[in-house]
Amino acid sequence: MTANGLFQIMVYFLVMVALTPPLGKFMANVFDGRRTFLHPLLRPVERVIYRLSGVQEDAEQGWTQYTASILAFSLVSFLIVYAIQRWQRLFPLNPMHFGTVRAPSNATAITPDLAFNTAVSFMTNTNWQAYGGETTLSYFVQMAALTVQNFVSAGAGMAIAVALVRGFVRRECRTIGNFWVDLTRSVVYVLVPLALIFSLFLVSQGVPQTLKSYPAARTLEGGVQTIAVGPVASQEAIKMLGSNGGGFFNANSAHPFENPTPLTNFVECLALLLIAAGLTRTFGLMVKDVRQGWAIFAAMSIIFWAGVLICYAAEQRGNPLLSRLGVQSMPSQTQSGGNMEGKEVRFGIADSALWAVATTDASNGAINSQHDSYTPIGGLIPLFNMETGEVVFGGVGSGLYGMLIYAIVAVFVGGLMVGRTPEYLGKKIEQKEVKMCMLALIAMAVSILCFSAISAVAPFAKGGYWNAPGPATANVNNGGPHGLSEILYAYSSVTGNNGSAFAGLNANTPWYNLTIGVAMLVGRFLMIIPILAVAGSLAAKRHLPVTSGTLPTHGGLFVGLLVGTIVIVGALTFFPALSLGPIVEHFLMQQGRLFSLFCSSVWS
């Protein structure tokens with residue numbers, strides 16, 4: 001690692017820490033219904049939305065009603081996105097004629113399985129893309145279907161997090177808020193204003209925002225190149241802020257039209273975690289103990305820094321096999337050294353490793369480098385981040401409620417160790433809460449491991465894993481431990497509602513489109529439903545006074561217990577699978593060096 005790289009990462013973290021309190025306080029005021037500086041402008045808009053949709057702002061919902069509202073909203077969202085994709089030829093703003101016989105020769109057809117996969121992906125805030133946006137979807141689909149879902153799916157995640165926080169705050173109450181009100185406030189007061197400002201910033205940096213057709217340019221060799229453009233800035237802004245990650249272009253945030261300058265790279269990477277970090281402050285303010293929010297933030301930060309430093313060190317160290325061939329791996333004034341495969345020269349190793357960790361700490365999935373080209377340990381960190389449930393800051397809302405699940409498990413374990421009934425924020429943690437939390441964690445693990453195992457061995461999936469005999473084809477994916485890592489990464493990503501990929505896996509097949517769609521549904525709703533059940537159960541409990549035997553949940557001891565719980569649960573669940581993938585690949589990469597050291601020691 002270099003001093004310059006560490007300095008850039010430190011500046012990034014300090015800026016995020018500085019922005020967390022003001023944004024968190026603003027969101028706490030929004031969700032508690034208090035007046036903010038945006039109310040004179042946006043309160044009339046909020047009222048109009050309630051009037052048009054028939055929502056009674058002061059009507060509260062129990063956890064079952066809240067859950068039913070989310071499920072109904074998600075179902076309607078899925079159907080709309082699916083229909084718009086399948087019928088995109090009928091809609092305007094389709095200058096490249098996608099979905100028609102006049103489409104370019106490199107266009108990807110929207111088959112039923114791909115449309116299902118994409119509709120589920122954007123409805124669940126996963127934004128997994130088994131297609132290239134610039135060769136598949138019209139401007140209308142990108143804006144009316146995908147961008148809309150980028151806002152509302154992120155807003156739904158924030159609403160669920162706030163509902164869970166109310167479960168801790170309320171006493172002997174049967175309601176946890178109103179989903180439609182929480183969703184509206186998330187979008188109107190938080191996501192739309194931030195996205196508008198961010199979009200204008202991106203346009204100022206050179207990101208396209210146009211509805212014109214793709215221009216054609218003549219190259220120096222005399223050929224003609226079609227340059228994909230479109231309403232990129234508006235989608236890029238909410239893609240980052242809403243923990244969505246779906247790229248307008250197939251190259252995602254490595255594309256110069258999505259991420260043209262070092263400044264946009266810094267701000268976009270900051271946007272990955274901005275709202276998620278702010279929600280920890282929101283949590284502390286809503287429970288009326290800001291120390292609780294900082295404890296959650298500290299636990300997230302410890303794992304974040306561990307991941308960044310390990311990933312950065314692995315990538316800066318590079319590949320020993322290349323070093324033995326005489327390739328310079330040490331950084332110098334003329335080259336960055338390390339493993340630059342799959343990385344943009346304009347970003348370098350430090351910013352690429354930081355982005356890879358941040359995007360998989362969040363449930364975002366946007367990339368500015370190719371994770372498939374990372375060293376085994378460098379690629380292991382993003383993979384493990386997703387397998388912990390992406391609770392290290394995490395997605396917009398999902399990171400906070402995922403971390404609170406681990407907090408409940410941690411206080412339960414702590415209570416067992418000291419022989420006391422566990423309590424958290426004045427609420428007794430009993431059998432129901434622990435069962436619901438474990439259901440959410442187990443469902444995620446079952447989805448990742450079972451789908452990965454079946455895809456690795458089932459005959460109808462072999463073409464996507466083992467190299468077929470005979471001439472190589474474009475549809476044959478990697479074999480060996482790296483091929484297994486690609487499959488494991490895919491199902492970890494979609495179950496964690498992340499959306500990034502080890503892109504060497506050809507996932508646009510009926511098997512992967514359908515099973516990945518199911519995995520996204522499992523990761524979203526078998527997490528949401530138990531969480532809202534916990535919220536309802538906690539809201540109905542009475543508040544317990546703090547005693548001398550109460551485990552403090554705002555100090556270093558609890559932070560360490562929480563971090564340990566996350567790491568141990570993730571390690572025990574996924575270590576066997578990781579051992580067959582990136583870990584064994586790491587030892588294979590080191591084999592030559594270890595053998596040389598062994599021979600040298602024997603001869604000496």
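Reader: Which residues does T360 touch, not counting residues up to four places away in sequence?

Author: T360 touches H371, P382, N385, M386, E390, Y489, N498 and S500, where contact means heavy atoms within 4.5 Å. This is a predicted model, in which local features need pLDDT of at least 70 and side-chain atom pairs count only at pLDDT 80 or more, while totals for chains, interfaces and linings use all residues. Residues are numbered from 1 along each chain as its sequence is written, and side-chain values use heavy atoms, with hydrogens and water left out.

Reader: Why is T360 called buried?

Author: Buried means under 20% relative accessible area, exposed over 50%, and partly exposed in between, with a 1.4 Å probe and protein chains only. T360 has a relative accessible area of 0%, so T360 is buried. This residue, T360, lies in helix α11, residues 348–361 (helices are DSSP runs of H or I with at least four residues, numbered from the N terminus).

Reader: How do you know that the structure holds zero disulfides?

Author: A disulfide is a pair of cysteine sulfur atoms within 2.5 Å. For C269, the closest cysteine sulfur is in C311, 12 Å away, and therefore too far for a bond. For C437 it is in C173, at 20 Å, again too far for a bond. The structure holds zero disulfides.

Reader: And why do C269 and C437 count as buried?

Author: C269 has 2% relative accessibility, so it counts as buried. C437 is also at 2%, so C437 counts as buried.

Reader: What makes a nonpolar core, and which residues have the most contacts inside the largest one?

Author: A nonpolar core is a set of buried Ala, Val, Leu, Ile, Met, Phe, Trp, Tyr and Cys residues joined through side-chain atoms within 4.5 Å. The largest has 156 residues, and I275, F304, F393, Y424 and L562 have the most contacts inside it. Helix α5 (residues 139–169) gives the largest share of this core, 17 residues. Another core, of 13 residues, lies apart from it, with L380, Y489, L578 and I583 among them.

Reader: What does F304 contact, leaving aside its neighbours within four places in sequence?

Author: The contacts of F304 are Y12, F13, L273, L354, V357, D361, V392 and F393.

Reader: Why is L6 called partly exposed?

Author: The relative accessible area of L6 is 32%, so L6 is partly exposed. L6 lies in helix α1, residues 3–31.

Note on methods. Helix = DSSP H or I, 4+ residues; strand = E, 2+ residues; numbered from the N terminus.
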